[in-house]
Amino acid sequence: MAAPAASAAVADPAAAPAPSTSGAGPDGGDQPVDLRSDTVTRPTAAMRRAMAEALVGDDVYGEDPTTSALEERVAALLGHEAGLFTPTGSMANVLGVRLLVEPGQELLCDSLAHVVRAEMGAHGALGGITTRTWPCVPGPGAPAGLVDAGVVEAMMTPDAGPYLVSTAAVAVENTHNFGGGTITPLPVLEDLRERTRAAGVAVHLDGARLWNAAVADGVELAAYGACADTVSVCLSKGLGAPVGSVLVGSAERIARARVLRKRFGGGMRQTGVLAAAGLHALDHHVDRLAEDHRRAADLAAACAAALPGCVDPAAVRSNIVVLDVPGAAALAAAAAERGVRTSALGPRMLRLVTHLDVDEAGARRAAEVLAEVLHGAAETGGGAASGSPGRRQP
Ligand SMILES: Cc1ncc(COP(=O)(O)O)c(C=O)c1O
């Protein structure tokens, strides 16, 4: 039996047939504008050239110079001793958490964190790790996904003896995907680092979009890196590489991660072809994230004008816009008919993500189409109820 549209979208928002070329054309022509995710980008011609020309070797033998260069560069950027290339952000998270948490211990994270909502239970299934969550809800004047160090500290039970599960680590996500691209400010992460250190609890930072946070807040990546024991960063989201993430940590931990990665079937051979895309992305695609952020803010403003209360444009600071709308799946379908693809991640949750393959004309076209569609929803009585709990259910 066919799954209902909304749940199909939840299962894999990027699974629908892809447009024949990337995003909108330079003239905002008739190619679909694909705002489902920043994972839909295709490598640029220059990136493909860098991949074709990469020096390669067998990385399981430790002989791929391009992969080693990428790992060293990302580790240095984040101020850690060593790095490990992984095929996905999910694998980088699973390895990073497993390095900090033993089977039978717990990881604390928020209720909409990628590690608990979208990694297929890997931390439990593969690592024997239990998770306990704090609610990912907006507070007074604070967007969903913002870390509250006091709340986290109150949940920690390290060395809980034979009565309770011992807390070994906390995972934080910056920027926060399902929270709407929320950026947790550096001082909050520093405060959390102090509190966890005092309790002997480790920190894993899911930094799939840490580049976006760094560009938006003007923070050095190493400053974020200093707030965590292990950090994962993705090259295949805002940075536009086709594949790849890097996990960083101490040399000892990354040596263990290399063994675990092989155990998971993730020991890969001539990965320099992929690592070259990552190095190219670091050279050319980081500073431009500011453009994606501006386009996301413009989209949020257009949506809020069409359907007041569906999003707070002032809260949109990176490349993700989460709308609180009634009938998200129907609105996504209506926008798709007009050439704008979005992700319905819940009954009231519509996500728009800007990226390398959405240019100025495409973003303008998307804003027009979404304004029309949302205006239609407003006229048929579907006004948004900002703060409705429905929005937080992907
Ligand atoms: C915050 C966050 N962490 C991790 C991941 C996992 O990345 P991948 O799809 O490469 O496994 C994602 C993917 O969207 C994400 O949004």
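In this predicted model, the buried residues of helix α15 are covered by elements that include β1 (33-34), α13 (289-306), α14 (328-337) and β10 (340-341). The buried set in α15 comprises Gly362, Ala363, Arg365, Ala366, Ala367, Val369, Leu370, Val373, Leu374 and Ala377. An α-helix has 3.6 residues a turn, so residues three or four places apart point the same way. Helix α15 spans residues 360-379 and has 20 residues. From its first C-alpha to its last, α15 reaches 28 Å, close to the 28 Å expected at 1.5 Å a residue.

The protein chain as a whole contains 15 helices and 12 strands. Of its 394 residues, 53% are buried. Among contacts between residues at least 6 apart in sequence, 75% join residues at least 24 apart.

Seven strands form an open sheet in the order β2-β8-β7-β6-β5-β3-β4, and the pairing is mixed. Strands β2 (82-86) and β4 (130-134) stand at the edges. Each has a single partner strand, so one side of each is left without a neighbour in the sheet. Neighbouring strands of this sheet are turned by 20° against each other on average, direction ignored. Within the sheet, β7 (residues 230-234) and β8 (residues 245-249) pair in the antiparallel sense over four bridges. Cysteine 234 has serine 245 of β8 as its bridge partner. Helix α11 (residues 251-263) lies across β2, β7 and β8. Its direction is at about 20° to β2.

Both members of the Cys234-Ser245 bridge also belong to the ligand surroundings. The residues around the ligand are Thr88, Gly89, Ser90, Asn93, His114, Glu173, Asn177, Asp206, Ala208, Cys234, Ser236 and Ser245. By class, this shell divides into two nonpolar, eight polar and two charged residues. Helix α4 (residues 89-100) supplies the largest share of the shell, three residues.

Strand β9 covers residues 320-324, and five of its five residues are buried, so β9 is largely enclosed by the rest of the structure. In a regular strand the side chains alternate between the two faces of the sheet. Both faces of β9 are covered. Ile320, Val322 and Asp324 are buried on one side, and Val321 and Leu323 are buried on the other. Strand β9 pairs with β12 (residues 349-353) in the antiparallel sense over five bridges. Leucine 323 has leucine 350 of β12 as its bridge partner.

Several loops carry backbone exceptions. Most residues other than glycine have a negative phi, and most peptide bonds are trans. Asparagine 174 and threonine 175 are joined by a cis peptide bond, with omega about 0°. Threonine 175 lies in the loop between β5 (167-173) and α8 (186-199). Methionine 120 is not a glycine, yet has a positive phi of about 60°. This methionine 120 sits in the loop between α5 (114-117) and α6 (122-125). Methionine 120 is exposed, because 11 other C-beta atoms lie within 10 Å and the exposed class extends to 12 or fewer. Aspartate 159 also has a positive phi, of about 45°, although it is not a glycine. Aspartate 159 is found in the loop between α7 (149-155) and β5. For aspartate 159 the count within 10 Å is 11 other C-beta atoms, so aspartate 159 is exposed.

How values were computed:
Residues numbered from 1 in each chain as written. Predicted model: local features only at pLDDT ≥ 70, side-chain atom pairs only at ≥ 80, totals over all residues. Buried ≥ 20, exposed ≤ 12 C-beta atoms within 10 Å, placed from the backbone. Helix = DSSP H or I, 4+ residues; strand = E, 2+ residues; numbered from the N terminus. Pairing = 2+ DSSP bridges. Near = placed C-beta within 6 Å. Nonpolar A, V, L, I, M, F, W, Y, C, P; charged D, E, K, R; others polar. Expected span 1.5 Å × (residues − 1). Contact = placed C-beta atoms within 7 Å. Axes fitted to C-alpha atoms, helices over the stretch in contact; angles between N-to-C directions.
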